[in-house]
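Colleague: Please take one part of this model and go through it closely, strand by strand. Then say what else the chain has around it, and give the cut-offs for the terms as they come up.

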Amino acid sequence: MVGKHAVVMGGSMGGIVAARILASRFDRVTVVERDTLPAEAKDRRGVPQSPHAHALLISGRQKLDRLFPGLTRELISGGAVPFDPGCDLLFHQMGALRTRFPSGKLGISLSRAYLEHAVRARVRALPNVQVRDETSVTGLTGLQGRVTGVVLDGGATLYADLVVDATGRSAHRTEAWLRDLGFPAPKEVRVKIDVGYTTRLLHRIPGDRLKDDGLLLLMSAIPPHDKRAAAAFAIEGNRWMVTLGGWHREHAPVDPVLFEKFATDLPFPHLSELLSRAEPVDRGEARKFTYPAARRRYFERLRTLPAGYVALGDAICSFNPLYGQGMTVATQEAMVLARCLDRFGVRSAKMARAYYRGAASAISTPWQTATGGDFVYAETEGPRPLGNGIVNRYVRQAMLASHVSPDVHEVMMDIQHLLTPTTAILRPRTVARTLLAARRSPAWRDATAPSGS
Ligand SMILES: Cc1cc2nc3c(=O)[nH]c(=O)nc-3n(C[C@H](O)[C@H](O)[C@H](O)COP(=O)(O)OP(=O)(O)OC[C@H]3O[C@@H](n4cnc5c(N)ncnc54)[C@H](O)[C@@H]3O)c2cc1C
């Protein structure tokens, strides 16, 4: 054991995976969550993104399985839909569908609420973890260069050897508390993208598939003129989850007629066909969520770090949700934290420094992929990654090549699922295949026409 007591602020995906790794390193772990945590898989106020399409990347699923053995099997037996991302997912990108092939990889499609519920149940079953819901953290206590605990809304203090801040995007409140204790705030970078999600649920007849035999559909825009995005996922409970929206205020309306019109206007028939035949859940009520900017806080660059405190998950970096990376990266950070605690213990700020370095390297690739992609739009504001123009021109070719080349599709898929580094796209074999195949794409002419370039 590296310490007696650890406190986790926030009981969402980041907080729960953190609690799991802390449980085997501390005598006691307390998770403090301000929401009432539902006994079943239900959306809740503190996670307003919960009713919307959440993709669990394959590397995230694999990591969760390592932390919670048998989780994938349990989720599938509870209704999560297993799929092969090479052939069951219709990926419409840059004006055409990616070519399909059996990849042999296993994805699972499920609602965010169901995933969080299942993982939380596993953590709640750990004998040394206490989850205190309906309780807010309202401050931090500290002494001589370290954080020593959290103050709760009733005024009580919970002392701890380690406080993990998993309060998500509301972590700016913690920043003020840390400042009060004399610790500097990390530099924050924002990339303004004005993304909007509008989601409806439909009943799914068991075994039903989308037109062209898909279980899932993802559509990303044809930049820079088209900013729309769409997803349709078969999920547990015999339901379809349909999310429509896009970048820079290209948002789908909640009104059912206008929602269906948005789907009908997409450059493929699959979603309008689904909406025309599947019965809506909840009388077709749609939910909307807007996400103005991706945010990253650079703790690793701070000269002075408090001992006894680390941030994790969206509290460090909140990614453009359209890339589906947040839960996977939060899990990866929890694993980095485990390694740093084992190596440095909990006493000194060395542990926190090593952790933020490790977290930064877990964040770096998905952050660059997401923000790099976002800068195809002139409206995106923020620090643009170096060499972004050239990279985006090449990625465009690779997207076109994935319409006809299973090899290029597979490399793109592995990068998106964080199974391989982004540099895989620059391997000579992939570059050669990309350049040869891109011109054979059915969308080549449209995508390379002057208005679309
Ligand atoms: C629209 C949308 C779609 C997304 N889609 C995907 C996807 O497809 N795939 C994916 O991997 N990720 C996705 N994400 C990101 C994903 O939801 C987050 O990365 C993930 O939830 C991890 O976040 P977190 O636990 O760090 O913070 P959050 O999920 O924001 O949770 C913070 C928790 O802290 C609690 N809290 C806050 N303040 C206090 C306090 N003072 N005291 C006590 N408790 C507090 C809140 O109630 C909440 O439970 C999406 C995000 C959005 C916005």
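**The parallel sheet and its surroundings**

Modeller: Strand β1 (residues 3-9) and strand β11 (residues 162-165) run parallel and are joined by 4 bridges. Strands here are DSSP runs of E with at least two residues, helices are runs of H or I with at least four, and both are numbered from the N terminus. Two strands count as paired if DSSP finds at least two bridges between them. One of the bridges links valine 8 to valine 164 in β11. Residue numbers start from 1 along each chain as its sequence is written. The model is predicted, with local features requiring pLDDT of at least 70 and side-chain atom pairs pLDDT 80 or more, while totals for chains, interfaces and linings use all residues.

The β1-β11 pair belongs to an open sheet of 5 strands with parallel pairing, in the order β7-β2-β1-β11-β17. At the edges stand β7 (129-132) and β17 (309-311); each has a single partner strand, so one side of each has no neighbour in the sheet. On average, neighbouring strands are turned by 15° against each other, direction ignored. The axes behind this angle are lines fitted to C-alpha atoms, for helices over the stretch in contact, and angles run from 0 to 180 degrees between N-to-C directions.

As for the chain as a whole, it is divided into domain 1 (3-75 + 113-187 + 296-370), domain 2 (81-106 + 190-291) and domain 3 (388-452). These bounds come from an automatic or database domain assignment.

The ligand lies between domain 1 and domain 2, because both give residues to the shell around it. That shell holds 37 residues, the closest being Gly10, Gly46, Gly168, Gly313 and Gly326. A residue is near a molecule or strand when its C-beta atom, placed from the backbone, lies within 6 Å of it. α1 (13-23), β16 (287-298) and α8 (326-344) are the elements that give two or more residues to the shell. α8 has the largest share, 4 residues. By class, the shell has 14 nonpolar, 18 polar and 5 charged residues. Nonpolar means Ala, Val, Leu, Ile, Met, Phe, Trp, Tyr, Cys and Pro, charged means Asp, Glu, Lys and Arg, and the others, Gly among them, are polar.

The centres of domain 1 and domain 3, taken over C-alpha atoms, are 35 Å apart. Their contact takes 8 residues from domain 1 and 5 residues from domain 3, with a contact defined by C-beta atoms, placed from the backbone, within 7 Å. On the side of domain 1 that touches domain 3, α2 (58-67) and α9 (349-374) each give two or more residues. α9 gives the most there, with 4 residues.

How values were computed
Contact = placed C-beta atoms within 7 Å.
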